[in-house]
Amino acid sequence: MAKDQKKMVDSITSMDEDFAKWYTDVCKKAELIEYTSVKGCMVIRPYGYAIWENIQSILDKMFKDEGHENVCMPMFIPESLLQKEKDHVEGFAPECAWVTYGGSEKLEERLCVRPTSETLFCEHFKNVVHSYRDLPKLYNQWVSVVRWEKTTRPFLRSREFLWQEGHTLHASAEEAIEETEKMLNIYTKFCQENLAIPVVQGMKTESDKFAGAERTYCIEALMHDGKALQAGTSHYFGDGFAKAFDIQYSNKENKLTYPHQTSWGMTTRLIGAIIMTHGDDNGLVLPPAVAPVQVMVIPIAQHKEGVLDKAHALCNELKKICRAKIDDSNNSPGWKFAEYEMKGVPVRVELGPKDIENNQCVVVTRHNREKTVVPLDKLSEVIPAKLQEVRDGLYQKALENRENRTYKCTSMEEITKALEENGDGFVKAMWCGEEACEDKVKEITGVGSRCIPFEEEHISDTCVCCGKPAKKMLYWGKAY
């Protein structure tokens, strides 16, 4: 390894030495974020925001393909409006930030800085939905929200973060449940195909569901260190919000009826998921679908005649099929290799005088550092295949990590032993359905319930905690 390349790598803490420090090193040194004087908040720098823009672009198309429209609700929620749904306001009360002054005048009513927008959508739905002909309403918005977290970490937990929140209204429970499940499947497809992150689909337990929801579906991913991360949620509200906000419509029989509602969301914590699922000791490893730069062209011995011209021409050709850039700076090739490895660029193309002479280039894939000599006239065919190879390699590695860190247990003693001997991971274990047992497992073993998977297995006949007959299999884990 070149001297300047090794120096850059050494500046990132090893994952095995301190995973949390490694994570923040990568966020900072890959120029994804910067800290600010606003406690608990971060600047998402251009490279980090470009990842979010690609996430947004792909998801937005997926939503619109299913008929959803984008809207934008106000940032502020009057306290009286927030109070209309009892369970909802109680669930969010500890995290709410309040505005009490407008300019120099004290407000007559406090305004909450939105932690989520259910109440605003409900107020709007009441004003615009009157007949069955107005349904369904399929809305989504891309905004920032505020939750007053006590401890923060870049992308994973901050007081202000970016997200999308979908809110839909339907004539029947069946339609709303179908929507809830459909959106969960869209999230699953996006994570697995575009982010190369394998996920478990399931339903949250009663104690862990969204405040005000009848059901909360989720996708759970396992990070490199064995901790779980909730990657997306989709909620079925029933008609509870509609009744609280008096949203009614005239059905086909001309009778006033309450509609059924859903909500679903993904956030910038997906960037954290990408870092912790695919990253290594050299920095980021980005899935091609969301990488700001998919291919970086590096001229070798660029001071020699013809090298830069050929490299620029090559980059311009690549731009027709992928997001390509060239680094023609005066930094050494070793520095450039380390820089773009740290930034997780999926594919690197090296081109020097001898390559030009032989009408070839060297293609290096980030996830495995494999080098391939490719004829220049074949490069436009090889690059898409190499990008797919990176995606497939990342997914397979993440899947193997999850499988190797998933433990089947029939008692709390087995859970403790598995975690002590093998490290953190998913635990599959049976559950009687009682919240007391759910709480006790977490208290004693440190792993909390993540979800009741759609694809349940029969691990044993009895609850892992109390020994009574089991009703469900749960995924358990320590979570971010």
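Why is strand β17 (residues 347-351) largely enclosed by the rest of the structure? In this predicted model, 5 of the 5 residues of β17 are buried, so the strand is largely enclosed; buried means under 20% relative accessible area with a 1.4 Å probe and protein chains only, exposed over 50%, and partly exposed in between. Because the model is predicted, local features need pLDDT of at least 70 and side-chain atom pairs count only at pLDDT 80 or more, while totals for chains, interfaces and linings use all residues. Residues are numbered from 1 along each chain as its sequence is written, and side-chain values use heavy atoms, with hydrogens and water left out.

- Helices (H or I, at least four residues) and strands (E, at least two) are DSSP runs, numbered from the N terminus.
- Val347, Val349 and Leu351 point one way from β17, Arg348 and Glu350 point the other way, and all are buried.
- In a regular strand the side chains alternate between the two faces of the sheet.
- β17 pairs with strand β15 (residues 295-299) in the parallel sense over 5 bridges, where pairing requires at least two DSSP bridges between two strands.
- Val349 in β17 is the bridge partner of Val297.
- Strand β18 (residues 360-365) runs antiparallel to β17, joined by 4 bridges, and its Val364 stands opposite Arg348.

**Helix α11**

- Helix α11 (residues 333-342) is mostly covered, with 8 of its 10 residues buried.
- The buried residues of α11 include the charged-class Lys336, Glu339 and Glu341, as well as Phe337, Tyr340 and Met342.

**Pockets**

- A pocket is an open set of points on a 1 Å grid over the protein atoms alone, where a 1.4 Å probe fits, with protein on both sides within 12 Å along at least five of seven lines; lining residues have an atom within 4 Å of a point.
- The largest pocket holds about 1,300 Å³ of space, the volume being the space filled by probe spheres set on the points, which are joined across faces, edges and corners.
- Of the 43 residues lining the largest pocket, Glu95, Arg147, Arg157, Asp208 and Gln230 are the closest to its centre.
- That lining divides into 12 nonpolar, 16 polar and 15 charged residues.
- Elements that each supply at least two residues of this lining include α5 (86-92), β8 (160-170) and β11 (228-238).
- The second largest pocket holds about 210 Å³, and Arg402, Lys428, Phe454 and Tyr475 are among the residues that line it.
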